[in-house]
Amino acid sequence: MLLGVNFKIYPIAMLLLAAPQTAFAQEWWQGAFASEGSSPCDNNDSIVTFTDKSADMWEVACSVQKVQKLKGLDAIILDITCSDDEQSVSKKRTLLLKLDDNKLLRYPENQVLQRCSELEGNPR
């Protein structure tokens with residue numbers, strides 16, 4: 001009887017394992033953001049753009065080494081390696097927390113970011 005149960009579960013388990021993984025396809029934290037209440041994203045030096053592979057800021061480019069989701073929260077930790085115009089390289093850890101109003105809190109900067117498409121006066 002136990003053998004029969006395993007044969008019923010096995011095809012379902014294989015189907016779940018074979019399903020394409022879309023964990024980071026356009027997640028809530030990906031996109032272009034600027035400081036809350038700032039001017040539209042054109043010519044705004046507070047812009048930060050997050051993708052699954054990079055975090056780009058004014059004069060600083062970072063590559064994402066690891067994305068860690070926090071269980072039970074709309075929050076992630078990004079382990080990033082950054083370099084600036086002077087070619088100095090640093091490793092950083094950033095926490096992004098999704099706020100109720102579709103904004104992000106970026107820590108340790110303790111900065112609230114608003115999606116560029118939602119900033120007032122943005123033609124996009």
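Because R93 belongs to strand 6 (residues 89-98) and D79 to strand 5 (residues 75-84), the pair ties together parts that are 14 residues apart in sequence.

## Other salt bridges

The structure holds six salt bridges, and another of them brings together the side chains of K69 and E27, with an N to O distance of 3.3 Å. K69 counts as partly exposed at 46% relative accessibility, while E27 counts as buried at 14%.

D101 and K103 also form a salt bridge, their closest N and O atoms being 3.6 Å apart. Here D101 is partly exposed, with a relative accessibility of 44%, and K103 is buried, with a value of 14%. Through salt bridges that share partners, E36, D101 and K103 are joined into one network.

Q114 is found in strand 8 (residues 111-115), and its relative accessible area is 12%, which falls under the 20% limit, so Q114 counts as buried. Apart from neighbours within four places in sequence, Q114 is in contact with A32, F33, A34, E36, G37, K103 and L119; two of these residues, E36 and K103, also belong to the salt-bridge network that includes D101.

The C-alpha atoms of Q114 and F33 are separated by 5.3 Å, although the two residues are 81 positions apart along the chain. The side chain of Q114 also reaches the backbone oxygen of E118, at a distance of 3.3 Å.

## Confidence in the model

The mean pLDDT of the chain is 80, and 75% of its residues reach 70 or more. Confidence is highest in strand 7 (residues 104-107), at a mean of 95, and lowest in helix 1 (residues 2-18), at a mean of 48. Over residues 9-24 the pLDDT is below 50, and this stretch has seven contacts in the model beyond near neighbours in sequence. Where pLDDT is low, the predicted coordinates should not be read in detail.

Notes
Residues are numbered from 1 along each chain as its sequence is written. Side-chain values use heavy atoms; hydrogens and water are left out. Helices (H or I, at least four residues) and strands (E, at least two) are DSSP runs, numbered from the N terminus. Buried means under 20% relative accessible area, exposed over 50%, partly exposed in between (1.4 Å probe, protein chains only). Contact means heavy atoms within 4.5 Å. A polar contact is a pair of N or O atoms within 3.5 Å; within protein, one must be able to donate a hydrogen and the other to accept it, and residues adjacent in sequence count only if both atoms are side-chain atoms. pLDDT is the predictor's confidence in each residue, from 0 to 100. A salt bridge is a side-chain nitrogen of Lys or Arg within 4 Å of a carboxyl oxygen of Asp or Glu.
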